[in-house]
Amino acid sequence: MMSQYLDRFVIEPEEIKIDWPKTHAVGITKGGNFVYVSADMIHRYISGQTNTGKTTLAQTLMEVDFLRGRKIVEIEPALEAKNERGFMNMPNNDENMLEVLNKYFHVEPRPFRAIIYSPVTRKYRAFMKNDEGIRSKFYKPLKITEPDVVDLLKSIFPGGSIERLIVKKAHKLYTEEIEPKRKNRTIEGFLETFQEVGKNANFSSFTLMKLEYIASILHSDGKYKIDEILQKKDEISVFTFSFIPDPLDRYIWAMAVLNIIYDRWEDIKRRDDVLSFFVADAHLLAPKKKKDMIDTLVRYQERMKQNLQVYARISRGKGLVWTLDSQEYDDLDDVVVAQCQERFVKRMRSREVAEKLKIDYKELKRLHPKFAFFDDGYMIKKILIRPPMSRKARSGEFLPIHFVKEYERWENEEANY
Ligand SMILES: Nc1ncnc2c1ncn2[C@@H]1O[C@H](COP(=O)(O)OP(=O)(O)OP(=O)(O)O)[C@@H](O)[C@H]1O
Ligand SMILES: [Mg+2]
């Protein structure tokens, strides 16, 4: 305990200290005080309507956490197929943001190394075909092995409780008795065991079809294992699903990546390592409202919500901090929100939220993207957000090709300069 207390006074390494504390601030109050997010294991929640600066704020938090030495991962919106973080590899050049950075935070723009991982799909391969160096430098293929898929089937398989029970039983039998050696496990072997276990249940053929479908989607023959990615502390690791054409498949992938990261982190982390895990559009993964339940996805969403409820509760002890964002203040599952002690509210047209937070409705409804209301659990303050030092994708520029083009342009500019 004592050593932990003393640790707080330890001086930062020289290169990080240079701009301390402004690089670590998330904002500044009207009174001119810098505002920081907690350095403890506190989960965060960002809410706000579309185009109000959620993704931009998350980028600032990624930078802050990265400078603090946390491992950063993000999964990009599961349904929208957005891929915005490549831009972090360039310094911010937005004039409005630069003005704020300079005037209020005295911080220079700078790039952050962000590497983007994708499942190997036909679309991904087509994209990589035209590589002239930039694509392969920033976009890397994921490796999900058959033993990984076998474990995933257990943790993300949606279905009724009896169906799931059989899957669980089959998984236990297969992994503990039939194939205890992890690397020998195969999808086929697991499915055979499942058929054995489920023989007497008459819905097993439909369940089998679902299992086969999920397994076929999730197998990815790339080079980079999530275990290895989680150990790379010199980069921000982003998982994109923008090379997956089908929304259901994208969703399954997002669930899979989230689950693997969560499962594997415990084994991989060293004593004081903290994983800062950013999840965009979290309300689709743990929806509270019916309207966010999408017909074909309902079963998956319900499954995911159950997982996230458990994860949010026990993450702190595992050295994992979540930053979740969603569109409305109350569209994310209550159990999950309750675990987030630091909350940012961006512009929102909701009298209810204004009342709940005791802020002026008109102000909330008109809030400029530069600002946010920040609730640290004790107090709610309006803050001017520190813009990211790295470049933010402009509105509408969220495809990998937009990044590649801009990076090319930027490199040429740099060369001429
Ligand atoms: N701190 C800021 N200062 C100035 N402009 C900002 C700031 N944050 C965001 N903006 C502007 O607002 C626009 C939208 O920001 P951002 O993409 O972060 O919103 P979003 O809430 O994530 O939107 P979406 O719902 O589309 O994902 C950006 O293009 C940017 O120009
Ligand atoms: Mg966004």
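The second largest cavity is lined by L153, K154, F157, R164, V167, K168 and R303. A cavity is a set of points on a 1 Å grid over the protein atoms alone where a 1.4 Å probe fits but cannot get out; lining residues have an atom within 4 Å of a point. Its volume is about 30 Å³, taken as the space filled by probe spheres set on points joined across faces, edges and corners. Helix α8 (161-178) and helix α7 (146-156) each supply at least two lining residues, and α8 gives the most, 3. Helices (H or I, at least four residues) and strands (E, at least two) are DSSP runs, numbered from the N terminus.

This is a predicted model: local features need pLDDT of at least 70, side-chain atom pairs count only at 80 or more, and totals for chains, interfaces and linings use all residues. Residues are numbered from 1 along each chain as written, chains are lettered from A and ligands numbered from 1 in written order, and side-chain values use heavy atoms, without hydrogens and water.

Turn to the largest cavity, with about 40 Å³ of space. Its lining includes I46, E74, R85 and F278. Strand β11 (320-326) provides the largest share of that lining.

Now the helices. α10 (residues 204-218) and α12 (residues 247-268) pack at about 75°, axes 10 Å apart; axes are lines fitted to C-alpha atoms over the stretch in contact, and angles run from 0 to 180 degrees between N-to-C directions. α10 is therefore roughly perpendicular to α12 (65 to 115 degrees). Y213, I214, I217 and L218 in α10 meet L248, D249, I252, W253 and A256 in α12, where contact means heavy atoms within 4.5 Å.

Notes:
Parallel < 35°, antiparallel > 145°, perpendicular 65-115°, else oblique. 1 Å grid on protein atoms, 1.4 Å probe; cavity = no way out; pocket = protein on both sides within 12 Å on 5 of 7 lines; lining within 4 Å.
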